[in-house]
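Please open the structure in your viewer and keep the selection panel at hand.

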Amino acid sequence: MNRHASHIEVEPGVFLESAGLYFEDVIAGETYEHRPGRTFPAGENPTASLRTLDLSPLGIDEHYRSQTESGVAEINPLQVVAVMTGMMTKAFSRVVANLAWKKVIFHSPLRVGETLYAETTVLEKRESKSRPGQGILHLRTSGFAADGRLVCTFERLVLVYQRGEGPYAKAGY
């Protein structure tokens with residue numbers, strides 16, 4: 001079985017799309033690129049900030065955000081983290097629970113009009129001692145601007161289903 005197959009043959013000539021990696025599919029040290037990238041258009045930042053109830057000037061005041069050295073508005077860092085997390089979900093969608101979120105570091109600002117790319121490295125993995133059929137992944141995700149500049153990094157510990165566990169078969173995926 002190809003551990004990274006996008007489709008599984010359920011009967012001859014019939015394929016079922018598969019999304020997300022099971023615990024057994026990942027190996028410590030591997031890195032997964034999350035594509036496509038995400039470009040941040042002007043005007044999106046205030047709306048996204050208001051949805052999250054972030055009322056800081058950085059989130060909702062275009063004039064405040066444009067007072068940067070470059071003169072180009074910066075994207076709210078919380079929105080950057082949210083988008084990076086969303087980018088991870090195709091590869092790491094079989095998560096039971098987030099156990100920890102740590103070492104969130106903003107290295108450089110992302111600006112309006114720039115594209116964000118993300119990749120996740122599996123730092124370590126182990127079977128859960130208290131949850132049969134599940135395992136724990138320690139992940140580090142890095143976000144880069146299109147010019148290669150490091151924008152943000154964070155680590156997560158996530159509880160992930162092992163193959164054959166969870167609601168997937170009954171849900172049809």
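Is Glu 155 buried or exposed? Glu 155 is buried, with a relative accessible area of 9%; here buried means under 20% relative accessible area, exposed over 50%, and partly exposed in between (1.4 Å probe, protein chains only). The model is predicted, so local features need pLDDT of at least 70 and side-chain atom pairs count only at pLDDT 80 or more, while totals for chains, interfaces and linings use all residues. Residues are numbered from 1 along each chain as its sequence is written, and side-chain values use heavy atoms, with hydrogens and water left out.

Next, select Lys 103, which is exposed at a relative accessible area of 54%. Glu 155 and Lys 103 form a salt bridge, their closest N and O atoms being 3.9 Å apart. The term denotes a side-chain nitrogen of Lys or Arg within 4 Å of a carboxyl oxygen of Asp or Glu; by this rule the count comes to 5 salt bridges. This pair links distant parts of the chain, 52 residues apart: Glu 155 lies in strand β7 (residues 150-161) and Lys 103 in strand β4 (residues 95-106). Strands are DSSP runs (E, at least two residues), numbered from the N terminus.

Now select Glu 114 and Arg 149, whose salt bridge has its closest N and O atoms 2.9 Å apart. Arg 149 is partly exposed, at 21% relative accessibility.

Finally, select Arg 35 and Glu 33, whose side chains meet in a salt bridge (3.6 Å, N to O). Arg 35 is partly exposed at 46% relative accessibility, whereas Glu 33 is exposed at 55%.

Terms used: Helices (H or I, at least four residues) and strands (E, at least two) are DSSP runs, numbered from the N terminus.
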